[in-house]
Amino acid sequence: MLKATNHLNFFLLLGLMGSLAPCRAQGNSPQLKLWYDQPAALWEEALPLGNGTTGAMVFGGLSKDRFQINDNTLWSGEPDAGNNPNGPQILPKVRQAIFAGKYEEAAVLWKKMQGPYSARYLPMGDLWLDFHQDEKKVKDYKRELDMERAINRVSYSYQGVQYQRESFISFPDKALVVRLKADKKKSITFDLSLTSKLKYSVSAQGNNQLTLQGKAPSFVANRDYEPQQVVYDSIGGKGMAFAMQISVKNIGGVVKKEGDKLKIIGADEVILFLTEATSFNGFDKSPSQEGKDATLLAKNRMHTVSKKNFQTILSDHQKDYQALFNRVAFELTGTSVHDKLPTDQRIMQFSKGPADLGLLTLYYHFGRYLLIASSRQGGRPANLQGIWNDHVQPPWGSNYTTNINTEMNYWLAENTNLAECHQPLFDFMDELAINGAKTASINYNIDKGWVVHHNSDLWAKTSPPGGYDWDPKGMPRWSAWPMAGAWLSTHLWEHYRFTGDKTFLKEKAYPLMKGAAQFMLQWLIADLGNKYLVTNPSTSPENTIKIAGKEYQLTMASTMDMAIIRELFTAVIHSCAILNVDPEF
């Protein structure tokens, strides 16, 4: 199912057009900017920034501006495999029921093989800038996302003064940087504060720095009818620790603390630095008992970035970002009749008649921008909403939905020349292979290879979700799907096809693909006539199956299963030939 709330998935579909991209200079094109003539009223209207780890949704407010902050390692819970040892006894009964055409009985049996739901991806906090301005007196307002430079800008005039705010998140410096300017001295006055929707406290260091320290819940419910919804452990208990630090560098004026806020008064220019970190220390380590010192990490990053000149930070940020973004130029030549309109108005006009080909160009580049912003080497892969989420209980947990959405996030990685952005997914697969081998053994008594089901999370969950057998909404039509390891493995082959990197194929791709294939060789069983090897149980993910006019949740040998297996096996066979290994396999 395509999840329409997902910023990343929704826009990255156009990445498939990347192979059509001609080589030409981008220039300062309106097809590389999203812009609006009013602030964001809703979270979905804010503009995204990201460096693969830190994400921010920028609202561009007038009397008060909000930067909603995420870190892609801030999740609920701790490592929990959730494997179900009942599986080896129940699986033969499920298969027997399906072969006998007793599909409803098979679905009831399968629910006893389900495990827990995944962990939830969480919001870190908010940076607030309170200007105390009368919005009715603002003129010439504009906010924009410049995708050529990965910068957010807000500009307007107020009582004869022209104001501008620029913000970006640097990958080299691991920081959010905000610069506030005015064309008249002593005009910049505002209050600055940090908050979080999780448990937190804020303290001031000197007159120009705030630190927020927080604790994530040990458990967040998947269903609104579960007896416990959001659970925090006591001090020293389970749960991720996190920290944000904000530092103010002012030219002119004064900065002073007032409780848990900072007041900037009468400045000519202000630069804000925000760094953040969590105690995450690996998919298999407890963040509460074996975690990193989040506060120290944020402090060290602040110590480094705050010493630098703004122009140096900006230059390094743009050089890093443009090394990826500028590899592809793409433009649909033809009518762009509405390129002078704000983006939201262009979309409304497009719905009346798709003449604005420039909007499609913009759409395409936004997809590439989002992948760069949410998936960088050394980090975690992009989750269901990239790295942007404002809810403690987000839609579908904002997890890794591996029966379509995780794959969809990366469909454009190779064919729009962003191969490096694919790397976090491959690193994640190393972790999934470790946990997935345990799930294969415990849940299915399969002793070779690895398996992943329909959901995963920061802790590399590989077991079937669904809430064991207690949850009435835990549906076999999506939980009975052990195909994610196989499907994700085809991304490895795609990367090799585009790069021709035999070292990658030998050291990374082939071992993972072989492991996924080994599991499938043991998962496949002979059908009733012993003519074919089939998957049983099988689903077409999140869909029911009609047999003799009646709908069921489970079947055998769905087209999707067999297509994924054929593609994986073919890739493994080609890899064996290329590497001259495993002829017997």
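How many of the eight residues of strand β9 (residues 175-182) are buried? I counted six of the eight as buried, so β9 is largely enclosed by the rest of the structure. Buried here means under 20% relative accessible area, exposed means over 50%, and partly exposed lies in between, with a 1.4 Å probe and protein chains only.

Before going on I noted the ground rules. This is a predicted model, in which local features need pLDDT of at least 70 and side-chain atom pairs count only at pLDDT 80 or more, while totals for chains, interfaces and linings use all residues. Residues are numbered from 1 along each chain as its sequence is written, and side-chain values use heavy atoms, with hydrogens and water left out. Helices (H or I, at least four residues) and strands (E, at least two) are DSSP runs, numbered from the N terminus. Two strands pair if DSSP finds at least two bridges between them.

**Entry 1: around β9**

I looked up what β9 pairs with. Strand β8 (residues 161-170) pairs with β9 in the antiparallel sense over eight bridges. Ile169 has Leu176 in β9 as its bridge partner. The two strands form a hairpin with four residues between them, and Lys174 in the turn has a positive phi of about 50°. β9 also pairs with strand β18 (residues 269-278), again antiparallel, over six bridges. There the bridge partner of Leu176 is Leu274 in β18.

**Entry 2: β1, β6 and β7**

Strand β1 (residues 33-36) and strand β6 (residues 138-146) run antiparallel and are joined by four bridges. Tyr36 stands opposite Arg143 in β6. Between β6 and strand β7 (residues 151-158) I found seven bridges, also antiparallel. Glu144 has Arg153 in β7 as its bridge partner. The hairpin of β6 and β7 has four residues between the strands, and Ala150 takes a positive phi near 55° there.

**Entry 3: the open sheet**

I traced an open sheet of seven strands in the order β2-β3-β4-β5-β10-β17-β16, with antiparallel pairing. Its edge strands are β2 (47-50) and β16 (254-258), each of which pairs on one side only. The twist averages 20° from one strand to the next.

Within this sheet I checked β3 (residues 54-58) against β4 (residues 64-71), which pair in the antiparallel sense over five bridges. Thr54 stands opposite Asp71 in β4.

I then picked Ser193, found in strand β10 (residues 188-195). Is Ser193 buried or exposed? Ser193 has a relative accessible area of 13% and is therefore buried. Leaving aside its neighbours within four places in sequence, Ser193 is in contact (heavy atoms within 4.5 Å) with Asp126, Leu127, Trp128, Leu210 and Lys261.

**Entry 4: helix packing**

Helix α9 (residues 419-444) and helix α11 (residues 484-499) pack at an angle of about 145°, with axes 10 Å apart. Axes are lines fitted to C-alpha atoms, for helices over the stretch in contact, and angles run from 0 to 180 degrees between N-to-C directions. The residues in contact include Phe426 and Met429 of α9 and Leu488 and Leu492 of α11. By class, this contact has seven nonpolar, five polar and no charged residues. Ala, Val, Leu, Ile, Met, Phe, Trp, Tyr, Cys and Pro count as nonpolar, Asp, Glu, Lys and Arg as charged, and the others, Gly among them, as polar.

Helix α5 (residues 310-325) and helix α7 (residues 357-374) pack at about 130°, with axes 10 Å apart. They are therefore oblique to each other. Angles under 35 degrees count as roughly parallel, over 145 as roughly antiparallel, 65 to 115 as roughly perpendicular and the rest as oblique. Tyr321, Leu324 and Phe325 in α5 meet His365, Arg368, Tyr369 and Ile372 in α7. I sorted this contact into five nonpolar, one polar and one charged residues.

Most residues other than glycine have a negative phi, and most peptide bonds are trans. Trp396 has a positive phi of about 55° although it is not a glycine. Trp396 is in the loop between α7 and β19 (400-401), and at 40% relative accessibility it counts as partly exposed. Asn530 also has a positive phi, near 55°. Asn530 lies in the loop between β21 (525-526) and β22 and is exposed, with a relative accessible area of 63%. A cis peptide bond joins Asn536 and Pro537, with omega about 5°. Pro537 is in the loop between β22 (533-534) and β23 (545-547).
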